[in-house]
Amino acid sequence: IKNALEKYGNQGAIKVYEEAKLDIGRPSATILRPLITDLTSLRYRDSEAMLDQALKLLSDLDREDALPSDSEGKRGDDIVVYNLLLRSLATSTNTEKYFPIALDLLDEMRRRNVAMDSMSTSTIAVMLIRSASTFEEAEEAYELIAHNGKNFLDAKGYVAVFNAVCDLEI
């Protein structure tokens, strides 16, 4: 897939992927990661079509398997794929469309025991803050995230949350 991306671009790579999918069945996050990385890159920031295409690819992912409950709950490519999608959903201007999808992804991460890391935590905090209609709601959203689990915010996350609060037009 990575080679197809370099040679044919994302639409050509998707065609290669669709053909390969017939042989491999349900793909892993490792296979989908290069395509989703490309479709959610900053050059397509304002493209709902590319984001929708990335979400469609996610629907192919073998998402039924969960990590054992005694596991740390973090998978390399899985968390990267979820983070890429969550970041794109959070930066979309169409929050009415994408906010429920982001919540569904979070629920899926919980069900599959894929732990949120600082990137997914800050992405969700920013999305919740951007959806707030008052500063009090924004603070409540922040507090919900701040007291939810062991992976909170890193330095970049704090900056993103601070910028989200400052950008509120209330």
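How many helices and strands are there in the chain? The predicted model has eight helices and zero strands, where helices (H or I, at least four residues) and strands (E, at least two) are DSSP runs numbered from the N terminus. Local features need pLDDT of at least 70 and side-chain atom pairs count only at pLDDT 80 or more, while totals for chains, interfaces and linings use all residues. Residues are numbered from 1 along each chain as its sequence is written, and side-chain values use heavy atoms, with hydrogens and water left out.

A helix pair comes next. The axes of H4 (residues 76-91) and H5 (residues 95-112) come within 9 Å and cross at roughly 160°, the axes being lines fitted to C-alpha atoms over the stretch in contact, with angles from 0 to 180 degrees between N-to-C directions. H4 is therefore roughly antiparallel to H5 (an angle over 145 degrees). In contact terms (heavy atoms within 4.5 Å), Asp78, Ile79, Tyr82, Leu85, Leu86 and Leu89 in H4 meet H5 residues including Tyr98, Ile101, Leu105 and Met109.

A polar atom of the Ser120 side chain lies 2.9 Å from the backbone nitrogen of Asp117. Leaving aside residues up to four places away in sequence, Ser120 touches Ile79, Asn83, Leu86 and Met109.

Definitions and conventions: Parallel < 35°, antiparallel > 145°, perpendicular 65-115°, else oblique. Polar contact = N/O pair within 3.5 Å; in protein donor to acceptor, adjacent residues only side chain to side chain.
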